[in-house]
Amino acid sequence: MSTCKKTRAEATSVVSSDRLSSLLPKINGNVLSRLDVREAVRTSTLSSTWRDAWTDMPKISLRDRNFTRTRFVTLVDMVLALHKGTIEEFDISGKKSYHDELARWMLVLSRRSPSFCNWKTASSACPGHSKVSRA
């Protein structure tokens, strides 16, 4: 067997042994839920199979860290708009105030019926208002 054919055959066996890509989208979403959102979205560059896998994540956790307020609001809006799976848990925290956006985000989430929401932002500093839990 020529070197070129052998290399091609080895590459094919590596591609076909990608067990993660052959999993159901719901399972991939569960796996990605264990990653930071930024890392989970980065998996979309791996292949067409992974392009939208992050949109099935059942647990979403967002932090405003180094984002400007405007960029973080855009991030949350885009995640909520593009997410197509069930949202079981939604966690958002930051040091900035998102009071104006909080009502809009809660409306979008109410249509997804998450079992747990956690808000830790400057706009949710009132005792008892940082966590919303549904049984």
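This note goes through a predicted model in numbered points, from confidence to strands, core and salt bridges.

1. Basis. In this predicted model, local features need pLDDT of at least 70 and side-chain atom pairs count only at pLDDT 80 or more, whereas totals for chains, interfaces and linings use all residues. Residues are numbered from 1 along each chain as its sequence is written, and side-chain values use heavy atoms, with hydrogens and water left out.

2. Confidence. The mean pLDDT (the predictor's confidence in each residue, from 0 to 100) of the protein chain is 78, and 77% of the residues reach 70 or more. Helix α4 has the highest confidence, at 93, and strand β4 the lowest, at a mean of 48. Helices and strands here are DSSP runs numbered from the N terminus, helices being H or I with at least four residues and strands E with at least two. Over residues 125–135 pLDDT stays under 50, and the model has 16 contacts for this stretch beyond four places in sequence; a contact means heavy atoms within 4.5 Å. Where pLDDT is low, the predicted coordinates should not be read in detail.

3. Strand pairing. Strands count as paired if DSSP finds at least two bridges between them. β1 and β2 pair in the parallel sense over 5 bridges, with Leu-62 opposite Ile-92 in β2. β2 also pairs with β3 (residues 116–120), in the parallel sense and over 5 bridges. On that side, Glu-89 stands opposite Phe-116 in β3, and Ser-93 has Lys-120 in β3 as its bridge partner.

4. Crossovers. β1, α4 and β2 form a right-handed β-α-β unit, and a right-handed unit is also made by β2, α5 and β3. Right-handed means that, with the strands pointing away from the viewer, the path from the first strand over the helix to the second runs clockwise. β2 takes part in both units.

5. Burial of β2. Of the 5 residues in β2, 4 are buried, so the strand is mostly covered. The cut-offs are under 20% relative accessible area for buried, over 50% for exposed, and partly exposed in between, with a 1.4 Å probe and protein chains only.

6. Nonpolar core. The largest nonpolar core has 24 residues; Leu-62, Val-76, Phe-90, Ile-92, Trp-105 and Trp-119 are those with the most contacts inside it. Such a core is a set of buried Ala, Val, Leu, Ile, Met, Phe, Trp, Tyr and Cys residues joined through side-chain atoms within 4.5 Å. At least two residues of this core come from each of α3 (37–42), β1, α4, β2, α5 and β3. α4 gives the most, with 5 residues.

7. Surroundings of Leu-62. Neighbours within four places in sequence aside, Leu-62 is in contact with Val-37, Phe-72, Leu-75, Val-76, Phe-90, Asp-91, Ile-92 and Ser-93. Among these, Val-76, Phe-90 and Ile-92 are also listed with the most contacts inside the core.

8. Salt bridge Arg-63 to Asp-91. The model has 4 salt bridges, each a side-chain nitrogen of Lys or Arg within 4 Å of a carboxyl oxygen of Asp or Glu. In one of these, the closest N and O atoms of Arg-63 and Asp-91 are 2.8 Å apart. Arg-63 lies in β1 (residues 59–63) and Asp-91 in β2 (residues 89–93), so the pair ties together parts 28 residues apart in sequence. Arg-63 is partly exposed, at 29% relative accessibility, while Asp-91 is buried at 16%.

9. Salt bridge Asp-64 to Lys-96. These side chains meet at 3.9 Å, N to O. The pair links distant parts of the chain, 32 residues apart: Asp-64 is in the loop between β1 and α4 (69–82), and Lys-96 is in the loop between β2 and α5 (99–110). Asp-64 is buried at 4% relative accessibility, and Lys-96 is partly exposed at 25%.

10. Salt bridge Arg-69 to Glu-101. The closest N and O atoms are 2.7 Å apart. Because Arg-69 lies in helix α4 and Glu-101 in helix α5, the pair ties together parts 32 residues apart in sequence. Arg-69 counts as partly exposed at 32% relative accessibility, and Glu-101 is buried, with a relative accessible area of 9%.

11. Thr-121. This residue lies in the loop between β3 and β4 (131–133) and is buried, at 8% relative accessibility. Not counting residues up to four places away in sequence, Thr-121 touches Ile-92, Ser-93, Gly-94, Lys-96 and Tyr-98. Lys-96 is also the salt-bridge partner of Asp-64.
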